[in-house]
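Please read it alongside the model.

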Amino acid sequence: MTFRSLDDDLRVDIPQLDRRLQLVLPALFEDDGTPTDAAATLGFSCGVISPDILVGGWDFEGELGHAGSLRIAGLRLPKVGYYIADDDSLRSATSKLCGKIPKWPTSLEDVVSQDEESSLRPLSAKAMRRRVNCSIRDISIVKDVLRVNDALADMLVAGLKASAALVDAGAAKAAASMALREQQLAAEIERLVGLALSKAREVACHCLTIVDIFGRYRAVPENRHKARLALASATLSIRKIAVRWEAGSSRNAGANYRLKKISQMLTAARSFIEAVTEHVGADRDGVTEWWSLINKAVHPKGTNRGDLEGYGAIADIVTTRLDEAARTLLFNRQARAKAVDAVRAIDTFRIFQLLHSGRLQEAVTLFPWLAAPCARFPDFAGGLADAVAVLLELQRCRTILRELIVRTHGNVDFDNQSAPVAAERVTIQMARRSMANVEAMSDTLSRNAGFATTTRDFALSHALFKAQAAGAPLHDRHLMRVLQQGRTDWASEQASRDPSTLTTTRAAREASAVVMTAGPERWDVPRFFGMTAIEFTAASVQTILSTSRRGRDALKKRKTKMEMEPDLDKSIFQLVRQMLKEADPSEEEVSRLLKRARGDESGQGSMRLGQAIIKAHKSARAIALEMRLASSLHAAPIWRMMQTGFDPSVDAAPAADQCVPAYWYNPEYDLNCWAAFQGAVKSPLSPSVVSLPATRRDALMAELAAFATWAPTLIAALNPTHQTARILTWMAHGFIGLAAEPEFAALR
């Protein structure tokens, strides 16, 4: 394992991040969703090397890799490595220097392996299912259906499109029912009922398209009797749906009767759509005759030969009854063929590429039905898209945790899992001993990479800024002094050997948020927005997997709310323990977790621990965002709300540092806010557009005014642009610079 020197700091991070943000990935689709002619590969100019564009622990396979910036961890970036061509010289060079660049998976096992290795291993599946009714493998299976891009993928696409249409129809029907209850004008009620009928017809047509794909394009083996029974059962269901829609279309009936029929029709359609979206892909999970599950889901007792008496041969049922349903729905053969062709024209392999490489925002913008409810993921309102967002956020959580462990343990060799941790743990006591004098400082910096990293970061800390602004002495080549003059030629190695600088740094560290908030179980110096490795993992896993419906198994056992909670927190405890075990070869963090939970593996102790950590470290910013996400579910999908960007009238402040999966729908959600901060540095006394509480806003403006007074040369040299605002936004996601310092995080 190789580590960067003390002077490999912002001068490395910011240019790398700038180059990364300027990187344009291949456009796999046109704006209308049709595939482009472009190959899914990147070309690089001569002289580009991997640390210029690739991030250790994210773009490389395996753990952290051997190069690239370890400080750029926790960013919500696409995984560039997949787009490097197999014959690109960069791939071969990087394999020798930095670790292995991943390739697109070619089988289900590859998809599952890549997803589980970077998030949660198979041992976590049971606990995750208890929490959110799905596992990482379940998400990988549905992604693999898209990867294969066959008739099964067509059925999945048709099912998700039908589910999206069902949501719209339900909203239209609810609006019509509300108008009827409020006794609005007859013309308005008639208009809303007509709209509900139109939306319901779209649902029925989507369902019929599913059956067309199911039967006519060999989504199942035709020579199997159970497959034919399932097809016949689905066809009869479509016929019933069409008949109920026809009853609701009668203008001779009253609005109440018509809405009742529409409701019955949508209920039947929902059962059919959920059967398809839940069981498509079950063959990849060991179910050899998955189509029979659709038969049983649509008709709980299943369709058999006796049920089909009077209808003739199964083939006649499919043809005759489908044609009858289509005529009822005014869905002629040309329209049916066009609908099937539209589904089959979608390149699901390229959709898989977008999802697998972290380009979720692009995928959902192009294909909104990816965020439609999916019975395979019943706890996620956004279906497959929400499930992928959770997977990506778990992967991000894992990279942050690994970086925390590297910093805390000093030196960790992830390539040798059995290797003992040689360096001393970086704690407050260890830092005090190391900073006792210049000789001890130099010795620890040379042999403990974790301490060197925290020292490098602390040079730009809020605590040291306050000390230097108050007149505490620092070496002329210290980062703070040089930056104050608008230059970048600081020399941290040289400054660290200055006794006065060491005295100032030691005093500032003792006054910092990390030391002032330390306790018996919080001695570690490395933090992610104030949280230690254990605290971050516990708080993040609970945040990522928080749901409104909770787990199905827990609901079965539930009698009262209090009886449900311990079981759910036990699952979180197991997931946290497993993630710590996988990320820490020494298993020291697991031992500390058990000790901190008072050795109680039943979940009772971990419940109290988890709740305390959430209460202590879940910021008001994250809470405000989550409340907005929850309230928006009734009005618009989460992904659509996130696309609108930062709303100063609702959002308290940026919260991208929190592990909220919805940020994957718009990783630059906070851009407008950070652009405002950037402008406020130039004019610190101007009113902020950020809707913070008055006291916090005033404190922030006072800090910016003090910063401008402290470094007028630097302020004059600053040239705020859209790209620099983007860099600030991304720096606030992870470990880089001032944005991740606990005291500044509390201030904003």
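Which residues do ring pairs link into a cluster? The cluster joins F29, F367 and W369. This is a predicted model: local features need pLDDT of at least 70, side-chain atom pairs count only at pLDDT 80 or more, and totals for chains, interfaces and linings use all residues. Numbering runs from 1 along each chain as its sequence is written, and side-chain values use heavy atoms, with hydrogens and water left out.

**Aromatic pairs**
- The whole structure holds twelve aromatic pairs (Phe, Tyr or six-membered Trp rings with centres within 6.5 Å; planes under 30 degrees apart are stacked, over 60 edge-to-face, the rest tilted).
- F29 and F367 pair edge-to-face, 5.0 Å centre to centre, with 80° between the planes.
- F29 sits in the loop between α1 (10-22) and α2 (89-97), and F367 in the loop between α14 (360-366) and α15 (383-409), so their pair ties together parts 338 residues apart in sequence.
- Both F29 and F367 are buried (under 20% relative accessible area, 1.4 Å probe, protein chains only; exposed is over 50%, partly exposed in between).
- F528 and F529 also pair edge-to-face, at 4.9 Å and 75°.
- F528 counts as buried because its relative accessibility is 1%; F529 does so at 11%.

**Charges over rings**
- The charged end of K79 sits over the W58 ring, 4.7 Å from its centre (Lys NZ or Arg CZ within 6 Å of the ring centre and within 35 degrees of the ring normal).
- R509 lies over the face of F458, 4.5 Å from the ring centre.

**Helix α9**
- Helices are DSSP runs of H or I, at least four residues, numbered from the N terminus.
- α9 (residues 255-279) has 25 residues and reaches 36 Å from first C-alpha to last.
- That is close to the expected 36 Å (1.5 Å times one less than the number of residues).

Key:
Helix = DSSP H or I, 4+ residues; strand = E, 2+ residues; numbered from the N terminus.
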